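Please have a look at the sequence and the model as they come up, and then I will begin with a question.

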Amino acid sequence: MPESTWKIHEIRKQVAVIDGQLAPSMVLKNARFLHSVLKKWLVGNIWILGDRIVYVGNEMPTDLSGTEVIDLEDKVVVPGYIEPHVHPTQLYNPHSFADFAAQRGTTTFIADNMTFALSLPNQKAFTFLDQLKKLPFSFYWWARFDSQSELQNEDEIFNNKSVLEWLGRDDVLLGGELTGWPRLIHGDDLMLHWMQAAKLKGKKVEGHFPGASEKTLARMKIFGADSDHEAMTAEEVERRILHGFDVTLRHSSIRPDLPQLLKGILEKELDIFDHLMMTTDGSTPAFHEDGVMDKCIRVALEEGVSPIDAYNMASYNIARYYNKSHLHGLIATGRFATLNILKNESTPDPESVLSKGIWLKRDMKKVKGLPKISWNQFNHFTIPFDITDDDFQFSMPIGIHLTNEVITKPFSINLQFSKKELPLGNDESYLMLIDRKGKWRVNTMLKGFDTHIKGFASSYSNTGEIILIGKSIEDMKFAFNELKRLNGGIVLAENKEVVASIPLKINGKLFDGDVEQLIEHEKLLTKALKERGYSHSDAIYTLFFLQSTHLPYIRITPQGIYDVMKKKVMLPAVMR
């Protein structure tokens with residue numbers, strides 16, 4: 001049975017404040033605030049008791065005993081920002097990224113559950129989610145329907161019981177994102193059943209339709225998809241709106257599309273801002289050095305979007321779309337006391353942040369971090385095996401050509417090489433995917449990743465397996481052994497020395513520390529990779545998507561080298 005946000009005795013106290021029988025805990029007076037429904041800037045007083053706004057208007061309470069009264073004359077107040085499409089495990093973890101984002105005014109996440117679905121049984125995952133619910137921050141979640149790769153045990157993870165358990169949670173707001181949508185067209189009724197189950201529970205279904213034709217969009221709408229975040233041109237935005245989708249505009253580390261999208265929307269005079277949202281779509285840490293949703297709002301303002309539309313795209317539009325505007329995205333009676341206090345409407349980076357009635361930031365200074373949580377649900381990451389020369393067998397006809405950060409195509413391997421080392425300066429490298437428990441491996445060649453990387457190892461990947469890349473087998477083994485010593489992470493090695501590394505002790509995928517520290521680690525790694533011929537913009541995304549079968553054309557997966565278009569294994573994994 002759904003839980004009430006506030007208990008009966010709490011509601012009685014909130015009404016008592018309005019009746020003058022109880023003093024509010026806080027009053028923000030003379031506040032110039034955004035009313036997102038009226039689409040106006042109003043001036044009034046905001047009464048707060050605990051974590052809830054109990055009154056917004058011209059009146060002041062009759063009882064102010066013990067009340068914190070803050071005069072906000074000359075300041076601007078907007079709702080706390082909402083990130084509607086968070087991948088909260090892009091090296092950072094959900095807790096650390098929330099703590100970081102909150103200082104920049106983003107106080108609500110609607111987040112991907114993939115890492116939890118792949119790594120934990122549901123009850124352990126739910127215990128972790130329940131910890132996050134207690135923080136002065138708002139977490140909501142997706143329920144994934146597929147793994148984005150070709151697992152050897154996918155049916156055990158994404159089965160009817162498991163998916164329906166996720167959809168049964170009140171804090172799960174949507175099904176998707178639908179990276180496996182081609183299955184629907186090819187007759188996968190189980191996925192269609194999950195979509196219908198989500199809809200029956202009042203939840204949304206998020207698409208993932210890059211480059212989709214008009215008929216594909218129509219099919220997906222009939223199947224039950226509600227929105228999509230993959231539009232790359234204003235014309236694609238308009239096409240999605242035409243077929244009844246709401247659209248989330250993306251501004252990420254590999255697709256910084258927002259300026260061009262907004263420019264096109266304004267040029268075409270499309271009056272559609274009430275149906276638009278914005279997202280950073282799981283960007284890697286360094287991209288967030290200058291913000292999260294405040295960064296998106298800043299871009300919108302710079303492109304000439306009206307301030308009210310810009311702030312609504314990062315708050316009210318999202319809350320309304322997900323049927324949460326009774327709690328979020330609106331400065332009005334009954335909502336969470338989650339507010340950003342700004343210098344002016346042109347400056348979305350808040351001076352102060354109030355989240356569920358708790359000050360996290362005051363006058364540009366962090367005054368409270370999110371309380372620590374336990375990571376005990378995740379087993380301590382260890383690598384329980386060694387690799388030997390026998391694992392480095394690279395005699396195969398087909399390799400993977402990386403044409404940009406994430407798109408790959410097959411190529412015929414013609415390079416003549418010795419067993420131990422490839423020549424530096426060449427853009428072909430050894431590539432191995434190895435099971436984190438050492439049960440199997442997949443070997444091939446990778447073209448277009450680098451020219452001078454000798455040894456590289458990562459436990460950060462889509463499915464959590466171990467990736468090895470390099471031109472020197474000895475340095476690849478050295479990087480692997482350092483990864484083993486770290487109990488998870490990313491290691492760049494050269495001549496049997498560590499050049500750069502990122503420790504990822506939580507599940508071998510997540511950094512156990514502040515995002516600010518992580519950004520510095522990532523910048524050092526990126527610099528070292530670029531010095532060794534990595535020519536693309538985001539190596540972390542490259543690692544993450546090498547296994548992702550929702551992208552063309554060839555992938556390295558736990559089943560083997562996989563042809564995405566033909567949906568078949570070209571070269572199977574080898575048991576060790």
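Predicted model: local features only at pLDDT ≥ 70, side-chain atom pairs only at ≥ 80, totals over all residues.

In which loop does aspartate 281 lie? Aspartate 281 sits in the loop between β13, residues 276-279, and α12, residues 293-302, and I will come back to this residue once we have seen the whole chain.

Let me start with the overall picture. The protein chain has 17 helices and 29 strands as its secondary structure. Its radius of gyration is 25 Å, which is close to the 25 Å that the globule rule gives for 576 residues, and the chain is therefore as compact as a globular protein of that length. If you draw a box along the principal axes, the C-alpha atoms of the protein chain fill roughly 85 × 50 × 45 Å.

Of the 576 residues in the protein chain, 61% are buried, and among the contacts with a separation of 6 or more, 68% are between residues 24 or more positions apart. The chain exposes about 22300 Å², and carbon and sulfur atoms supply 50% of that area. As for charge, there are 68 positive and 74 negative charges in the protein chain, and their mean positions are 3 Å apart.

For the parallel case, please find the open sheet of 5 strands, which follow the order β6-β7-β8-β9-β10 with parallel pairing. At its edges are β6, residues 81-86, and β10, residues 204-205, each of which pairs on one side only.

On one side, strand β14, residues 339-342, is joined to β15 by 3 bridges and runs antiparallel to it, with isoleucine 341 standing opposite serine 352. Strand β16, residues 358-362, also pairs with β15 in the antiparallel sense, again over 3 bridges, and here valine 353 has lysine 361 as its bridge partner. β15 and β16 form a hairpin with 2 residues between them, and lysine 356 in the turn has a positive phi of about 50 degrees.

Next, a few details of the backbone. Most residues other than glycine have a negative phi, and most peptide bonds are trans, and with that in mind let me return to aspartate 281, which is not a glycine and yet has a positive phi of about 50 degrees. Aspartate 281 counts as buried, because its relative accessibility is 8%. Asparagine 30, in strand β1, residues 26-35, likewise has a positive phi, in its case of about 55 degrees, but asparagine 30 counts as partly exposed, at 32% relative accessibility.

There are also cis peptide bonds to point out. One joins glycine 176 and glutamate 177, with omega at about 5 degrees, and glutamate 177 is found in the loop between β9 and α7, residues 182-185. Another runs from proline 552 to tyrosine 553, with omega near -5 degrees, and tyrosine 553 lies in the loop between α17, residues 539-545, and β26, residues 554-557.

I will finish with two residues in helices. Arginine 240, in helix α10, residues 234-242, is buried, with a relative accessible area of 0%; leaving aside residues up to four places away in sequence, the residues it touches include Phe209, Asp228, Glu230 and Phe245. Alanine 198, in helix α8, residues 189-200, is also buried, with a relative accessible area of 0%, and, leaving aside residues up to four places away in sequence, it touches Leu167, Lys203, Lys204 and Val205.

Key:
Residues numbered from 1 in each chain as written. Heavy atoms only, no water. Helix = DSSP H or I, 4+ residues; strand = E, 2+ residues; numbered from the N terminus. Rg over C-alpha atoms; globule rule 2.2 N^0.38 Å. Buried < 20%, exposed > 50% of the residue type's maximum accessible area, 1.4 Å probe, protein only. Contact = heavy atoms within 4.5 Å. Areas by Shrake-Rupley, 256 points an atom, 1.4 Å probe, with all protein chains shown as cover. Lys, Arg positive; Asp, Glu negative; His and termini not counted. Charge placed at Lys NZ, Arg CZ, Asp CG, Glu CD. Pairing = 2+ DSSP bridges.
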